[in-house]
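Student: I am new to this structure. Could we go through it together?
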Amino acid sequence: MNDFNPTRIELARKYRGWTKKELAERSGMTPTYIGMLVASSTAHLTESSVEKIAYATSLPLSFFMLREPGLDWNRLAFRRKKTITRNLSNRICAEFEMLSDTASRVSSMSNVPDKTASWLDEIAPTFDPQEQGVRRIAANTRAILGLPSTGAVRNMIRSVERKGVIIAPLTTKVADSVSDGVTYPDKALIGYFPENKPGDRLRFTIAHELGHLVLHRYRRPKDVSLMEREANEFAGEFLLPESDARAVISPSMMLEDYLYVKSGWGISIGAAVRRAFDLGLIDGDKYKSLYVRMAQRHWIKHEPVEVKTEHPVRLAQMLGRAFGGLDDTGRSTVPRDGIEGFLGVPFELANDWCDNRLTEKAASWTTMR
């Protein structure tokens, strides 16, 4: 049937992390037939075959009808560690593409003006900035987001969302195989992996991914490690501006003194120590000494001083506007059939992307009959 898009079958398979053989077995088909279905031809597509795949993958039938242009997965910005499998990489890329599809459709449905393209175009460099250039761009980004040049960013997620960037937690379990976030420089979209991350780590992740959106919109260093260093430098300047760092950090500070920096700026002790080293406020020996003390106190993964975890709201609010179910408190009440029929994703997945801020609209008596 020409209503179905064969490329979505392959996307669904990668999202579930299955081989073609596994998809065939779960769908009650042969691998050969599955191969014909994903060969970008509608000749073998039937409603019955797509229904079997939809049932096996737990995705709505409408998912296989969508025709949004796919993403170039090579342009996705997320740091893959050596231990990552191709299966996991595919699942991350597939989920982010599905999130991107959903965000685009919701944006067109909710009549929310796009606030992102103009300011990103204005600030995104087309040349390779040096270290000072990255810091200057981070400072300019604070100004564009309406933040003062110094002082803590009170709510990192909200500051970015107000300028039109959609931020969403992803559901793929990654453990320590990848970095904490994913972006696509052409999209005003940030995905992150929550997995019980502390609030300070989440704030740095969002600032880091914002750095990718700004710094790598029109340029992409061939060296992936350079991309990551640039995004880290951006995040450090954004969260702890250089003037603040020079005012509160001195070479004589002990590890305990960095607790004040963390509580005041919402940046981890480890990131603050690194910031001090990058700015030349401490030398290499002091930097190593502080990290040794952090390891001795088991602070590398579990630091003292709790930073409140932030939560995104923009995508949930957009869904509420799109389906007419946004109340005065910002809670969104949306119909399951609307989410699954128009957006092509399960209600539960959309709710996960909205940080569990969706409430399912009860079916009316007439509908239930």
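Student: Where is Ser58 placed?
Tutor: Ser58 lies in the loop between α4 (47-57) and α5. Helices (H or I, at least four residues) and strands (E, at least two) are DSSP runs, numbered from the N terminus. This is a predicted model: local features need pLDDT of at least 70, side-chain atom pairs count only at pLDDT 80 or more, and totals for chains, interfaces and linings use all residues. Residues are numbered from 1 along each chain as its sequence is written, and side-chain values use heavy atoms, with hydrogens and water left out.

Student: What is the phi of Ser58?
Tutor: Ser58 is not a glycine, yet its phi is positive, about 60°. Most residues other than glycine have a negative phi.

Student: Where is Asn196, and is it buried or exposed?
Tutor: Asn196 is in the loop between β3 and α9. It counts as exposed because its relative accessibility is 81% (buried is under 20% relative accessible area, exposed over 50%, partly exposed in between, with a 1.4 Å probe and protein chains only).

Student: Turning to the sheet, in what order do the strands come?
Tutor: The open sheet has three strands in the order β1-β3-β2, with mixed pairing; two strands pair if DSSP finds at least two bridges between them.

Student: Why is one side of β1 and of β2 left without a neighbour in the sheet?
Tutor: β1 (166-169) and β2 (181-183) are at the edges, so each has a single partner strand.

Student: In which sense do β1 and β3 pair?
Tutor: They pair in the parallel sense, over four bridges, with β3 spanning residues 189-192. Ile167 stands opposite Ile190 in β3.
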